[in-house]
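Dear colleague,

I am passing on the structure below, and I would be glad if you read my notes with the model open beside them.

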Amino acid sequence: ESMDDAAQTAKMQMQMELVNREDAQAKLKGKAGLASSIINMTNTVMGVGLLAIPRAFAHGGYVWGVLFNLLALVLNVFTNHLLAECGTRTGRPSTFKSMADHALPYSSVLIDLGAFVNCLGAGCLYLIVATDSFVTVIDQRQNDNRWTWTLVVLAIMMPLSFLKNLDSLKITSILAVVILSFILIIVVLFSAGITDAPLDPCGEGSSDACPPGSTAAVRPVLSTLSAFSSLTLAYQCQMSTPVIGNELIAPTRARFLIIFVASLSIAFATYVIVGAC
């Protein structure tokens, strides 16, 4: 009788889990279209990664720089596709926790820890870059008011961090893409030698303080391999894949591929242009 009771209890638990998942799926209604999903993922991919591209091209040369970017593009589309397929198999809403437990029970602790460390590192990196930008562009006294600008950045970012849906960030994502496009235009104009003084990234500094840098089609092997390491974070966007899948209208395989290919291709084109300049 005890075995029958245990089996009945396990059956009831499975039924309750199924009901809870069905209720969650019923409440989860996709509101994000293809355009907003592509913009949000493009914003996730680009950003600080843009700063690593000149170094990758400088160490690897134009040929390997383009090929490594293409390889990173293909690999990241593939890994995002695998995550989307895992999310579809585990059911919506999908999370890294649910996918990890589905593949290997009780392994989600390690996944959550890895996601926490990754997000903490990325957040600190963006905070440093944003603070440096405010200090350099607005506060010409350099580090005198660094703490002030750090608090300003935190005050801007913290309310955005509490939004429940990624689609709610589409306005800020559009703004970020516009700013990155402006940076791209400035880089192209400076490379062509037609930038006016206010837009000159070197300012009034001497040529020694702002050299053009050496260029080459191909670099030595060791230097080339170090260039590939610069691209490890340039295409990283996998953390957003489950969230985008949960909020996407009609999350089919074809629509996922459109999002991944479009957003990563935009990043690839931007990176190659910046690296070539």
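In helix H7, the residues Ser 173, Ala 176, Leu 180, Leu 184 and Ile 186 are buried, where buried means under 20% relative accessible area, exposed over 50% and partly exposed in between, with a 1.4 Å probe and protein chains only. Helices here are DSSP runs of H or I with at least four residues, numbered from the N terminus. Please bear in mind that this is a predicted model, in which local features need pLDDT of at least 70 and side-chain atom pairs count only at pLDDT 80 or more, while totals for chains, interfaces and linings use all residues. Residues are numbered from 1 along each chain as its sequence is written, and side-chain values use heavy atoms, with hydrogens and water left out.

The cover over the buried residues of H7 includes helix H2 (34-45), helix H3 (49-90) and helix H10 (253-276). After H7 comes Gly 193, with a positive phi near 75°.

Two of the covering helices, H2 and H10, pack at an angle of about 45° with their axes 9 Å apart, the axes being lines fitted to C-alpha atoms over the stretch in contact, with angles from 0 to 180 degrees between N-to-C directions.

Terms used
Contact = heavy atoms within 4.5 Å.
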